[in-house]
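Thank you all for coming. I would like to take a few minutes to walk through one structure, so please have a look at it before I go on.

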Amino acid sequence: MASHIGRIGVDGIKSGKGGTPLVCLTAYTTPMAKFLDAYCDLLLVGDSLAMVIYGLETTRGVTLDIMVAHGQAVMRGSKHACVVVDLPQGTYETSSHQAIASAAHTFVETGCQAVKLEGGTEIADTVAAIVDAGVPVLGHVGLLPQKAEGRNDFKVQGRDDEGASQVIADAKAIANAGAFAIVIEGTVEPVAREITETVAIPTIGIGASPACDGQILVTPDMVGLFTDFTPKFVKRYADLGQELQEAAKAYAEDVRAGRFPELEHCFGVVKDEI
Ligand code: KIV
């Protein structure tokens, strides 16, 4: 995927099935997208922004307008990765009509390549309706953050036979409905493996093992900018929160000691006159 010319589309992601693992991260702002774009096949404007940007307890509570604004920001900052925007909870469950309206609005207003919805068999008809209306869909099965009413509701799915069968049935239903790829979140390895071996579209894992066709992480988790709680599946690649604190401390000390600003940071000052 790295040598792709121009922006990767959903067909480019689809062609990643069974190949070099797809690299995916979340992005929410223009500068963030600029930093991540060259390294990623897919950037997700996830509704995780409710927690990692807006300080909410769960991913519920963000509006379609908020998602569209962040989707536009990420599109402005990227030119290579396939950009997918989450439809937030409450914007697609009532009827196919509501779902198509939300998906089409997001697709047109942001110029993104696809939208993402959470759920399995119960939303398969909705996914099919959105795809029929011309908007590509990324599915999301397993642990569904939009169903969580609090932090304690984030639980690994598919640990028992019944749960495993449900996650597998959900993934098959979403694939049959026409999704171009599926995120599998918080699921045991054998379930993620079976789904990946069964469906014809790429699976993108988060807490779902290397068996998947690609991986995604919530970027602030990955770089230490969100530390309220860190799931077991997160690997920390940087500690930007710590660096930010150190920078703020050094700046505060300089300002209070009169060391900042220096002459080089001032306008209209002639060195010799000082
Ligand atoms: O909202 C989000 O960031 C997501 C990822 C966890 C896949 O859905």
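**A walk through the model**

Let me begin in a loop, the one between β7 (203-206) and β8 (214-217), which is the place of Ser209. Please keep in mind from the start that what you see is a predicted model. Ser209 has a phi near 85 degrees, a positive value in a residue other than glycine. For context, most residues other than glycine have a negative phi, and most peptide bonds are trans. Is Ser209 buried or exposed? Ser209 counts as buried, because its relative accessibility is 16% and the cut-off for buried is under 20%.

Stepping back to the protein as a whole, there are 10 helices and 8 strands, and the C-alpha atoms fill a box of roughly 75 × 40 × 35 Å, taken along the principal axes. Of its 274 residues, 49% count as buried, while the protein exposes about 13600 Å², of which carbon and sulfur atoms supply 54%. If we take the contacts with a separation of 6 or more, 58% of them are accounted for by residues 24 or more positions apart. As for charge, the protein has 21 positive and 35 negative charges, and their mean positions are 3 Å apart.

The domain assignment gives domain 1 as 10-238 and domain 2 as 240-274, and the C-alpha centres of these two domains lie 42 Å apart.

Which residues of α7 are buried? They are Ala164, Val167, Ile168, Asp170, Ala171, Ala173, Ile174 and Ala175. In general, an α-helix has 3.6 residues a turn, so residues three or four places apart point the same way. The cover over the buried residues of α7 includes α6 (124-132), β5 (137-142), β6 (181-185) and α8 (189-198). Just after this helix, Gly178 takes a positive phi of about 110 degrees.

His70 is found in helix α4, residues 64-77, and counts as buried because its relative accessibility is 11%. Setting aside neighbours within four places in sequence, His70 is in contact with Tyr28, Val45, Leu49 and Tyr54. Asp11, on the other hand, lies in helix α1, residues 10-14, and is exposed, with a relative accessible area of 59%. Although Asp11 and His140 are 129 residues apart along the chain, their C-alpha atoms are separated by 18 Å.

Finally, let us move to helix α10. How far apart are its end C-alpha atoms? They are 24 Å apart, and this agrees with expectation, because 17 residues, here 240-256, should span 24 Å at 1.5 Å a residue. The helix is followed by Gly258, whose phi is positive, near 75 degrees. In the segment after α10 we also find Pro261, which is joined to Phe260 by a cis peptide bond with an omega of about 0 degrees.

That is where I will stop, and I am happy to go back to any of these places.

Methods. Residues numbered from 1 in each chain as written. Predicted model: local features only at pLDDT ≥ 70, side-chain atom pairs only at ≥ 80, totals over all residues. Heavy atoms only, no water. Helix = DSSP H or I, 4+ residues; strand = E, 2+ residues; numbered from the N terminus. Expected span 1.5 Å × (residues − 1). Buried < 20%, exposed > 50% of the residue type's maximum accessible area, 1.4 Å probe, protein only. Contact = heavy atoms within 4.5 Å. Areas by Shrake-Rupley, 256 points an atom, 1.4 Å probe, with all protein chains shown as cover. Lys, Arg positive; Asp, Glu negative; His and termini not counted. Charge placed at Lys NZ, Arg CZ, Asp CG, Glu CD. Domains from an automatic or database assignment.
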